[in-house]
Amino acid sequence: MQLLLAGLFACGCVSLVDAPLWPAAESYVNTATECSQSGDPGNCRHTRDMWKSEYDAATEGKYQNQRKVALCLSTGCDNAIQPDSIRGCAWRMVIVNSRHAELDNTDTENLNHFCGSAYIDQAGRRAAEVQAKTMLELLGMRPGA
C-alpha cells in the first residue's frame, strides 16, 4: 500500500495539497438510520447536532473531544455515528500517546477494551496503529515520543 501511494505521489497523480488532512466530520454520521429508530433518540440527535464541533475539536487535540469521538466511533453512540472499530481504536491510541495532562486509568482501560479482541482482530489492531501514527503526526506529535 505504501509503495502504491509513493508511486501516486511521485507521478503527480495525487497531491498532498489537494487531499484533506482529516476525513470530513459528516462522513461519519450514520445516515442509514433515523434517530427515531435509536434506543435513545434524544442522545442520538444530540450527538449528531454536536458531532462536527466535537470532531473538529478532537482533530485540534482536545482531550475530552477525542474521548467522545473514540467512543462514538467504537459504539455508534445510539446509532448517531457509523461505527468504525478500527478508527475508534486508533483514537484510543492517540489519546494515550498524546499524554494529555487529564489522562487517567480509564483511558488505558478503554484502549485495552476497544482495541481488544472483542472489537477488532490482530490485523485491525495493526491497521489502527498505522492510523494512530498518522493521526498523531497530523496533531503535530511525534508517535512514541
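Tutor: A crossing of two helices is left-handed if the near helix is turned anticlockwise from the far one by less than a right angle, and right-handed if clockwise. The model is predicted, so local features need pLDDT of at least 70 and side-chain atom pairs count only at pLDDT 80 or more, while totals for chains, interfaces and linings use all residues. Residues are numbered from 1 along each chain as its sequence is written, and side-chain values use heavy atoms, with hydrogens and water left out.

The chain holds six helices and zero strands, where helices (H or I, at least four residues) and strands (E, at least two) are DSSP runs numbered from the N terminus. Helix α3 (residues 63-75) packs against helix α5 (residues 105-114) at an angle of about 20°, their axes lying 12 Å apart. That makes α3 roughly parallel to α5, a term for angles under 35 degrees, and the crossing of the two is left-handed. Here axes are lines fitted to C-alpha atoms, for helices over the stretch in contact, and angles run from 0 to 180 degrees between N-to-C directions.

On the α3 side, Tyr63, Arg67, Leu71, Ser74 and Thr75 meet Thr106, Asp107, Asn110 and Phe114 of α5, contact meaning heavy atoms within 4.5 Å. The residues of this contact divide into three nonpolar, four polar and two charged; Ala, Val, Leu, Ile, Met, Phe, Trp, Tyr, Cys and Pro count as nonpolar, Asp, Glu, Lys and Arg as charged, and the others, Gly among them, as polar.

The buried residues of α3 pack against α2 (41-59), α4 (85-98) and α5, and Gly76, whose phi is positive, near 90°, follows α3.

Methods: Angles under 35 degrees count as roughly parallel, over 145 as roughly antiparallel, 65 to 115 as roughly perpendicular and the rest as oblique.
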